Amino acid sequence: MQQVAFLTQHGKVPLLTEALAALGWQIQAVSGFDTDLLGSFAGERPRFMTAAECALRKAALAAELSGSAIGIGSEGSFNAGPYGLGTLNQELLCCVNIDEGWAVTAVAQQLCSARSWQLTEAAMLQTILPTIPDGQLLLVKQGSRLEKALTPAQALLCCEQWLAKGAVTLEYDLRAHCSPERQQVIRLAADNLRQRLQQLCPRCHKPGFWPELPLAGLPCADCGLPTSQPRGLRACCRYCDYQQDFLHSSGFADPANCPQCNP
Ligand SMILES: [Zn+2]
Ligand SMILES: [Zn+2]
């Protein structure tokens, strides 16, 4: 088994174990570094790196702190979903190999049911609590007071007490160990990481040769001119610049998307 170090604070190791066991990897948690120093998504510290830079920095730290050749870092974010609907949870997993000199970043994203409510009376909880997915824990906030990782029953008690002093905010606790939905997205990112690690560049044989750059120019079904619709995806090796295009099998764009036929 290849020992692989994972820098994590919230018990995410089991979420990667199965996907990466297929590579003969054994994942071990690295602690002893406060990842919040890199900026936590709860907003307690301002970020100074993008999510991808943060995941790469954590992966490098994992290798450095453990003495392993291979390190993994993770970074999750929550943003407004497409068209402003819902909340999109994106999870990145970055894997570095110090000895071989490469890094591969995997991604998974999914709409999640995360929400936040301003409560003025406990009766509002009768309609809210039944909508909370099984296993999802909650946060209750009032001014500078904060209670984390509450079950719905505990959140109810907390809200009932605090409402005597004014409105409270109830939210999903989105830390990985408190959110089954987020755990599922991290598992998907681990599957994506395994797949990317198995795709080697045909020229230099480094991993992560993954088609993800959209290629515009799918020809119009009526006039044959190129449209802005994607005709496939390009894989680019970040080490030797080798490129390969993977074209979609369906060959033509709907004329509705053609600048010539439907200007
Ligand atoms: Zn290459
Ligand atoms: Zn056309």
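Reply: Cys 94 is a buried residue, with a relative accessible area of 0%, where buried means under 20%, exposed over 50% and partly exposed in between, using a 1.4 Å probe and the protein chains only. This is a predicted model, in which local features need pLDDT of at least 70 and side-chain atom pairs count only at 80 or more, while totals for chains, interfaces and linings use all residues. Residues are numbered from 1 along each chain as written, chains are lettered from A and ligands numbered from 1 in written order, and side-chain values use heavy atoms, without hydrogens or water.

Other cysteines hold metal. Cys 201, Cys 204, Cys 237 and Cys 240 each coordinate the zinc ion (ligand 1) through their SG atoms at 2.3 Å, donors being N, O and S atoms within 2.8 Å of the metal (3.2 Å for Na, K and Ca), with water not among the atoms, so that sites may look incomplete. The angles between these four donor atoms run from 104 to 118°, and the arrangement is therefore tetrahedral, a word used for four donors when all angles lie between 85 and 135 degrees. Along the sequence, the donor residues of this ion follow the spacing C-x2-C-x32-C-x2-C, and one of them, Cys 237, is buried at 7% relative accessible area.

The zinc ion (ligand 2) is coordinated at 2.3 Å by the SG atoms of Cys 220, Cys 223, Cys 258 and Cys 261, again in a tetrahedral site, with angles of 103 to 112°. Here the spacing of the donor residues is C-x2-C-x34-C-x2-C. Cys 223 sits in the loop between β10 (213-216) and β11 (230-236), whereas Cys 258 sits in the segment after β12 (243-247), so this pair ties together parts 35 residues apart in sequence; strands are DSSP runs of E, at least two residues long, numbered from the N terminus. Cys 223 is partly exposed, at 33% relative accessibility, while Cys 258 is buried, at 1%.

Key. Four donors count as tetrahedral if all angles lie between 85 and 135 degrees; four count as square planar and six as octahedral if opposite donors are over 155 degrees apart and all others between 65 and 115; anything else is irregular. Helices (H or I, at least four residues) and strands (E, at least two) are DSSP runs, numbered from the N terminus.
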